[in-house]
Amino acid sequence: MLIHPMPDPIALQLGPVAIHWYGLMYVLAFAMFITLGRVRIKQPHIAAQGWRKEDLDDMLFYGMLGVVIGGRMGEVLFYEPVKYFSNPIEILKVWHGGMSFHGGFLGVLIAMAVWARKSGRNLLDVYDFIAPLVPLGYAAGRLGNFINAELPGRVASDQSLPWAMLWPDNAYPLHPNPVFLQGLRHPSPIYQLLIDGLLVFVILWLFSRKERPRLAVGATYTLLYGCARFFTEYFRTPDWETTFLGMPITSGQVLSLPMIIGALVMLVWAYKVKQKGRAPI
């Protein structure tokens with residue numbers, strides 16, 4: 001049996017200023033974006049498009065805004081609108097955690113559209129360029145969730161599962177002794193770190209090393225993440241759950257379905273355009 005390590009969510013205290021591990025995970029994500037981006041720029045088919053290091057720095061600024069604003073608003077609108085609209089000041093406290101990937105995804109798409117228009121770049125080329133730089137940043141965010149003891153997993157059907165763990169109940173943060181949720185649970189943030197993040201990164205990075213039809217890389221990321229998230233949601237306690245055709249479906253699965261369907265349509269379009277030899281958009 002494992003017990004969640006419950007590390008202090010504050011990594012460093014400098015007088016009245018507290019630096020949280022969750023925030024540091026975002027710094028790590030942005031640093032990996034720059035590092036991987038510089039490697040990607042050197043790939044022959046990417047270098048041929050004229051990408052520069054300065055483009056990375058510029059995109060990072062827009063991307064940071066998209067991630068933070070989109071991610072927070074996604075959490076507010078998709079998951080806990082009652083909580084946040086009853087106490088709006090909580091919306092600003094991003095260091096407490098609570099960021100929606102799907103909201104951040106939409107925020108980044110919008111931010112990159114603004115940057116593409118400003119820089120004169122084709123928007124689809126921008127999506128293809130940044131897609132392989134995203135999954136490891138997502139993985140860092142899930143590590144932050146684990147440190148904060150957020151996103152508890154479902155109770156493991158097999159209580160002898162070696163990595164199932166007791167999970168702290170965040171409803172009692174000031175309790176003198178740790179209060180745990182009932183039953184040994186799947187460490188779902190770690191599952192999502194490994195599958196939605198690391199595994200998706202490896203597959204997409206290998207796929208993107210060669211020249212692909214315009215939009216194929218971006219669509220492949222959307223498909224891989226959508227499928228991975230749909231799977232790992234089975235191990236996570238849902239924020240809310242409904243039924244579809246008599247089957248239970250979680251909030252994360254509901255939000256991932258449009259990604260899967262849209263990605264399949266985009267992939268078919270991308271390869272049909274290439275086969276027919278039409279001028280790309």
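**Exercise 1. Determine how many residues of helix α7 are buried, and what covers them.**

Helix α7 is mostly covered, with 12 of its 13 residues buried; buried denotes under 20% relative accessible area, exposed over 50%, and partly exposed the range in between (1.4 Å probe, protein chains only). The model is predicted: local features require pLDDT of at least 70 and side-chain atom pairs count only at pLDDT 80 or more, whereas totals for chains, interfaces and linings use all residues. Residues are numbered from 1 along each chain as its sequence is written, and side-chain values use heavy atoms, with hydrogens and water left out.

Step 1. The buried residues include Pro135, Tyr138, Arg142, Asn145 and Phe146.

Step 2. The elements covering the buried residues include α1 (21-41), α5 (101-119), β4 (165-166), α8 (188-208) and α9 (216-232). Contact here means heavy atoms within 4.5 Å.

**Exercise 2. Compare the span of α7 with the expected value.**

Step 1. Helices (H or I, at least four residues) and strands (E, at least two) are DSSP runs, numbered from the N terminus. Helix α7 covers residues 135-147.

Step 2. The expected span is 1.5 Å times one less than the number of residues.

Step 3. After the helix comes Ala149, with a positive phi near 60°.

**Exercise 3. Describe the pairing of β2 and β3.**

Step 1. Two strands pair if DSSP finds at least two bridges between them. Strands β2 (residues 10-14) and β3 (residues 17-20) run antiparallel and are joined by 4 bridges.

Step 2. Leu12 has Ile19 in β3 as its bridge partner.

Step 3. The hairpin has 2 residues between the strands, and Gly15 adopts a positive phi near 65°.

**Exercise 4. Which residues are linked with Arg229 in a network of salt bridges, and are Arg229 and Glu233 buried or exposed?**

Step 1. A salt bridge places a side-chain nitrogen of Lys or Arg within 4 Å of a carboxyl oxygen of Asp or Glu. The whole structure contains 9 salt bridges.

Step 2. The network links Arg229, Glu233, Arg236 and Asp239.

Step 3. Arg229 and Glu233 form a salt bridge with closest N and O atoms 2.8 Å apart. Arg229 is buried, its relative accessible area being 1%, and Glu233 is buried at 1%.

Step 4. Asp239 meets Arg236 at 3.1 Å, N to O. Asp239 is partly exposed at 37%, whereas Arg236 is buried at 4%.
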